Amino acid sequence: MYKGTNASAGIGIGKVVVVEEQELVIKREMVTDPQAEIQRFKGALETSMKQTQDLAADLATRVGEKEAEILNGHVMLLSDPMLTGEIETMIMNDQVNAEFAIETTCTKFADMFASMGDELMQQRATDMRDIKTRMQKVLLGVESVDIAALPEGSVILAKDLTPSMTAGIDPENVTGIVTELGGRTSHSAILARALEIPAVVALAGVLEHVKNGDTIIVDGSIGDVIVNPEADVLAEYQGKREVFLREKQELEQYIGKPSITKDGVHVEIVANIGKPEDVDKVLQYDGEGVGLFRTEFLFMDRTAMPTEEEQFEAYRKVAVAMDGKPVIIRTLDIGGDKEIPYMGLEKDENPFLGYRAVRFCLDRKDDVYRPQLRALLRASAFGNIKIMVPLVTCIEEYRQVKALVEEIKNELDSKRIAYNKDIQLGIMVETAAASLIADIFAKEVDFFSIGTNDLTQYTMSVDRGNDKIAYLYSTFNPAVLRSIKRIITCAREAGIMVGMCGEAASDPMMIPLLLAFGLNEFSMSPSAILRARKMITEYSTEELQAVADKAMSFATTKEVEDYMKEFVNQ
């Protein structure tokens with residue numbers, strides 16, 4: 001058995017198809033007519049854009065607009081004048097072939113993204129390499145592997161799958177995906193989840209031990225991969241697969257049902273989104289609101305800052321679509337780890353402890369923060385928008401944001417522009433500092449939302465992207481659990497809403513603890529909503545108190561995890 005990262009839930013059983021892309025050999029060659037070479041590049045660029053647009057249109061029809069946005073992002077990269085301009089300049093000035101200019105320029109951008117240590121930027125690096133290869137193949141006349149034509153019952157094995165390769169997969173024929181590289185947040189993993197194909201990623205060296213035609217089991221729910229299983233193991237997993245598919249079908253009965261525990265405690269199950277288009281999935285899975293709208297996506301993949309009007313339209317669209325349900329919108333959370341050239345951000349030596357999020361926004365009030373806050377306030381006239389401030393570490397930061405919001409309210413009043421006068425302003429509790437003074441914050445803010453990804457990272461002093469210390473990164477660590485419990489207790493004592501928008505909110509082993517602690521709102525990816533609702537309706541918060549007390553009595557992460565795993569599996 002091999003152990004990787006669970007990237008897309010479900011159990012896939014089938015025959016291995018090893019997918020290996022032809023390695024491109026790119027050499028530096030001198031050209032005598034740079035203008036003609038630039039035209040050759042432009043032809044390849046046009047063909048690549050057309051191929052990507054066709055793939056995006058097909059994906060939008062088969063899966064959804066949200067998933068197609070990943071490939072539309074590739075189109076935006078291909079049409080970025082900064083990228084294409086640099087390639088053309090290199091061809092002209094250095095008199096080199098287009099393939100080499102593409103290789104050099106795209107690799108430079110990809111390496112820059114990859115060095116930032118941020119998951120989103122790592123993905124941007126993969127996207128950049130994807131479009132690089134696509135253009136070079138057009139120039140060299142190399143055909144891509146046709147994944148769409150694989151036989152029924154195929155399990156794809158690859159070093160890595162690019163988003164464009166994953167988008168071409170036919171779920172009718174492909175029952176599983178296994179890759180040596182990648183992570184849960186990679187675009188390929190996101191597409192695998194959207195296509196509902198079980199996937200396990202980050203399985204280093206697996207290609208050395210598996211060959212075409214091998215029988216393979218992919219358990220995308222826990223990250224296990226079994227090659228050439230014994231008959232009894234195969235039968236066991238076929239049974240598990242049937243149970244999984246049956247349970248998935250049964251989850252649909254929870255659409256339209258309230259999220260209430262057996263002893264009558266009502267909670268909200270809401271969704272995390274990154275773009276206005278994502279709201280379609282929230283509605284599809286019956287989300288009770290939006291618990292986190294990450295606004296930084298509106299600022300990325302562009303050459304200039306979004307205007308106040310563009311932002312207003314994006315926020316208004318989500319508010320209207322959610323029709324009175326709460327929509328918590330996080331103000332801009334960027335810093336030296338995210339490359340947005342027009343922002344003029346210098347690279348931070350340690351971006352996660354640097355000039356980012358609310359620190360950056362308060363320093364750039366006039367050109368960045370005011371337009372965003374004004375757009376949010378104006379959009380609040382169209383629905384139940386709440387504003388959330390990220391990475392707050394001291395009460396002074398919150399007070400400064402509140403004062404700025406009040407200023408903008410007065411401006412809007414003087415111009416007779418409508419907005420929700422009772423709009424709520426809350427904070428994301430994701431630092432050890434905010435956790436320690438949660439009682440102080442709770443007296444002044446309108447709500448809390450716990451960001452467990454960063455709270456765990458900061459509490460444990462662990463870079464979650466560093467494999468060498470990944471074993472320390474766990475929300476089940478007693479220090480992190482105590483922090484979460486304290487934040488919830490402080491919010492409840494002050495009578496304010498407390499939610500959670502980190503990965504832990506949808507973790508089946510964490511949900512019982514969060515219910516016992518008294519969490520009001522669980523925010524997660526839309527596809528996790530119905531499973532979480534089913535779990536919540538099966539628990540009694542009173543009965544869970546003893547479970548939580550026992551879990552909090554342990555001294556190590558492993559003890560907590562083992563205990564919660566045993567409890568949930570009962």
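Where is the place of Gly-289? Gly-289 sits in the loop between helix 9 (279–284) and strand 10.

First, the ground rules. This is a predicted model, where local features need pLDDT of at least 70, side-chain atom pairs count only at pLDDT 80 or more, and totals for chains, interfaces and linings use all residues. Residues are numbered from 1 along each chain as its sequence is written, and side-chain values use heavy atoms, with hydrogens and water left out.

Now the overall picture. The protein chain has 21 helices and 16 strands. Those are DSSP runs, numbered from the N terminus: helices are H or I with at least four residues, strands are E with at least two. The C-alpha trace spans about 75 × 70 × 40 Å along its principal axes. For 570 residues, a compact globule would have a radius of gyration near 25 Å, and the protein chain agrees, at 25 Å. That radius is taken over C-alpha atoms, and the globule rule is 2.2 Å times the number of residues to the power 0.38.

What share of the 570 residues counts as buried? The figure is 54%. Buried means under 20% relative accessible area, exposed means over 50%, and partly exposed lies in between, with a 1.4 Å probe and protein chains only.

On to contacts, meaning heavy atoms within 4.5 Å. Take those between residues at least 6 apart in sequence: 68% of them join residues at least 24 apart.

Charges next. The protein chain carries 62 positive and 91 negative side chains, and the centres of the two sets lie 3 Å apart. Lys and Arg count as positive, Asp and Glu as negative; His and the chain ends are not counted. Each charge is placed at NZ of Lys, CZ of Arg, CG of Asp or CD of Glu.

Let's look at the sheets. Two strands pair if DSSP finds at least two bridges between them. Eight strands form an open sheet with mixed pairing, in the order 1-8-7-3-4-5-6-2. Its edge strands are strand 1 (2–3) and strand 2 (5–8), each pairing on one side only. Within that order, strand 4 (residues 154–158) and strand 5 (residues 174–179) run parallel, joined by five bridges. Ala-158 stands opposite Thr-179 in strand 5.

Now strand 9, residues 268–273. Five of its six residues are buried, so the rest of the structure largely encloses it. Strand 9 runs parallel to strand 16 (residues 521–524), with four bridges between them. There, Val-270 faces Ser-523. Strand 9 also runs parallel to strand 10 (residues 290–294), through three bridges. The partner of Ala-271 in strand 10 is Val-290.

That brings us back to Gly-289. Gly-289 is buried, because its relative accessibility is 0%. Its C-alpha atom is 8.0 Å from that of Glu-268, 21 residues away along the chain. Beyond neighbours within four places in sequence, Gly-289 contacts Ile-269, Val-270, Ala-271, Val-282, Met-322, Lys-325 and Pro-326.

Last, two backbone points. Glu-196 has a positive phi, near 60°, and is not a glycine. Glu-196 lies in the loop between helix 7 (187–194) and strand 6 (199–201). Glu-196 is partly exposed, at 46% relative accessible area. Arg-416 also has a positive phi, about 55°, without being a glycine. Its loop runs between helix 13 (395–414) and strand 13 (425–429). Is Arg-416 buried or exposed? Arg-416 counts as exposed, at 79% relative accessibility.
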